[in-house]
Amino acid sequence: MDFTLIDWLRILCGAWFVPHLIGKGLHYEKAGGTFEAAGLKPGKLFVGVAIVAETCAAVGLIFSIYPRVAALFGALVLLGAGYAVVKINGMNWRWQKMGPEYPIFWAIVCLLTALV
């Protein structure tokens with residue numbers, strides 16, 4: 001099977017959701033508190049929705065199952081994460097100050113994979 005560079009990028013975008021899924025699953029209660037701090041209430045419900053969306057994004061991107069839809073799911077989750085980071089920590093761009101640049105960058109990459 002030949003993989004192009006965009007295939008590798010798609011797979012990596014999907015694989016990077018796995019640690020997030022594990023973290024949310026292992027720390028469901030704490031994640032719920034974080035979601036509530038961002039104004040997403042009830043927090044546990046939003047954690048569940050995020051887990052489902054991230055799972056769809058990860059599986060779809062890694063295994064190329066409706067990859068464009070999966071990339072859009074991923075981008076929406078990541079834009080939501082960027083919003084939550086700003087809501088909780090204020091508008092600090094740099095990661096050293098808990099800024100949203102990483103989820104925003106990752107959301108853009110997911111969007112770009114949806115366009116190819």
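The questions and answers below go through the terms used for this predicted model.

Reader: What kind of model is this, and how are residues numbered?
Author: The model is predicted: local features need pLDDT of at least 70, side-chain atom pairs count only at pLDDT 80 or more, and totals for chains, interfaces and linings use all residues. Residues are numbered from 1 along each chain as its sequence is written, and side-chain values use heavy atoms, with hydrogens and water left out.

Reader: What makes up the secondary structure of the protein?
Author: Six helices and zero strands. Along the sequence the pattern reads α-α-α-α-α-α. Helices (H or I, at least four residues) and strands (E, at least two) are DSSP runs, numbered from the N terminus.

Reader: Why is the protein called as compact as a globular protein of that length?
Author: The radius of gyration is taken over C-alpha atoms, and the globule rule is 2.2 Å times the number of residues to the power 0.38. For 116 residues the rule gives 13 Å; the protein has 14 Å, which is close, so the description holds. The C-alpha atoms fill a box of roughly 45 × 25 × 20 Å along the principal axes.

Reader: Why is Arg 10 called buried?
Author: Buried means under 20% relative accessible area, exposed over 50%, and partly exposed in between (1.4 Å probe, protein chains only). Arg 10 has 10%, so Arg 10 is buried. Buried residues make up 34% of the 116 residues.

Reader: What is in contact with Arg 10, beyond its neighbours within four places in sequence?
Author: Contact means heavy atoms within 4.5 Å. Arg 10 sits in helix H1. Its contacts are Leu 61, Ile 62, Phe 63, Ser 64, Pro 67 and Thr 113.

Reader: What makes H1 oblique to H6?
Author: Helix H1 (residues 5-15) and helix H6 (residues 101-115) pack at about 135°, with axes 10 Å apart. Angles under 35 degrees count as roughly parallel, over 145 as roughly antiparallel, 65 to 115 as roughly perpendicular and the rest as oblique. The angle falls in the rest, so H1 is oblique to H6. Ile 6, Leu 9, Arg 10 and Cys 13 of H1 make the contact with Trp 106, Val 109, Cys 110 and Thr 113 of H6.

Reader: Why are H5 and H6 called roughly antiparallel?
Author: Their axes come within 8 Å and cross at roughly 165°. Axes are lines fitted to C-alpha atoms, for helices over the stretch in contact, and angles run from 0 to 180 degrees between N-to-C directions. The value is over 145, so H5 is roughly antiparallel to H6.

Reader: Which residues of H5 and H6 meet?
Author: From H5 they include Leu 72, Leu 78 and Leu 79; from H6 they include Trp 106, Cys 110 and Leu 111.

Reader: Is Ser 64 partly exposed or exposed, and what of Tyr 66?
Author: Ser 64 has a relative accessible area of 38%, so Ser 64 is partly exposed. Tyr 66 has 65%, so Tyr 66 is exposed. Ser 64 lies in the loop between H4 and helix H5 (67-89). Tyr 66 lies in the loop between H4 and H5.

Reader: What is the phi of Ser 64, and of Tyr 66?
Author: Ser 64 has a positive phi of about 55° although not a glycine. For Tyr 66, also not a glycine, phi is positive at about 45°.

Reader: Is the peptide bond from Lys 41 to Pro 42 cis or trans?
Author: That bond is cis, with omega near -5°. Pro 42 is in the loop between helix H3 (28-37) and helix H4 (43-63).
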